[in-house]
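Welcome! Please take a moment to look over the sequence and the 3D view before reading on.

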Amino acid sequence: MTRYTRLFEEKDFNQINKLLQLYYELGYPTTSKELIHRLSKINNHKDYYILLLIEDEIIIGFSGMCRMMFYENDGNYMRILSFVVNSNFRGNGFGSLLLKESEKLADKLNCKVITLNSGIRTERENAHKFYKANGFESKSYGFSKSIN
């Protein structure tokens with residue numbers, strides 16, 4: 001078995017069905033056309049990164065990140081905006097590997113901190129335990145509001 005991480009490339013659209021499955025597992029169902037359009041825009045933005053988790057040349061997870069600037073001090077931080085491992089591969093260290101590789105990318109890009117939000121819902125409790133087990137601390141509440 002060959003397991004590794006790497007940044008998203010145009011050729012990865014050949015596995016759009018694997019990406020659609022991961023989006024579905026995140027609770028973000030979409031169409032192939034919409035996802036290709038969305039990921040093309042993200043992939044072409046200089047501060048956005050899609051780190052893929054590959055097992056035997058098949059995409060089984062990804063970490064979608066954005067490098068951001070602090071308002072409160074100098075420097076950058078990395079924000080994980082989307083993180084998923086295929087449910088058939090969970091519980092085997094794949095998520096921890098993807099998080100560690102996300103941290104390495106953040107370090108390589110001179111980020112001082114890596115952050116993420118996770119919903120406050122019962123079905124997210126295992127994810128919260130996972131993040132805490134991987135060194136993340138719960139430090140704030142996230143808020144959002146739709147704007148028409």
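First, some ground rules. This is a predicted model, in which local features need pLDDT of at least 70 and side-chain atom pairs count only at pLDDT 80 or more, while totals for chains, interfaces and linings use all residues. Residues are numbered from 1 along each chain as its sequence is written, and side-chain values use heavy atoms, with hydrogens and water left out.

Let us begin with the record. An unreviewed UniProt entry lists residues 3–148 as "domain: N-acetyltransferase"; UniProt positions are given in the numbering used here, feature names are shortened, and annotations may be inferred rather than shown by experiment. In the model, this span is 32% helix and 28% strand, and its end C-alpha atoms are 43 Å apart. Helices (H or I, at least four residues) and strands (E, at least two) are DSSP runs, numbered from the N terminus.

Now find two of the helices, α1 (residues 16–26) and α2 (residues 32–43), whose axes come within 10 Å and cross at roughly 90 degrees. Axes here are lines fitted to C-alpha atoms, for helices over the stretch in contact, and angles run from 0 to 180 degrees between N-to-C directions. Which residues of α1 and α2 meet? From α1 come I16, N17, L19, L20 and Y23, and from α2 come S32, L35, I36, R38 and L39, where contact means heavy atoms within 4.5 Å. In this contact, seven residues are nonpolar, two polar and one charged (Ala, Val, Leu, Ile, Met, Phe, Trp, Tyr, Cys and Pro count as nonpolar, Asp, Glu, Lys and Arg as charged, and the others, Gly among them, as polar).

Next, the cysteines. A search of the whole structure finds zero disulfides, a disulfide being a pair of cysteine sulfur atoms within 2.5 Å. The sulfur of C111 is 9.4 Å from its closest cysteine sulfur, in C66, so it is too far for a bond. C66 is buried at 7% relative accessibility, and C111 is buried at 10% (buried means under 20% relative accessible area, exposed over 50% and partly exposed in between, with a 1.4 Å probe and protein chains only).

Finally, look at N110, in the loop between α3 (94–108) and β5 (111–116). N110 is exposed at 60%. G142, in the segment after α4 (125–133), is exposed at 51%.
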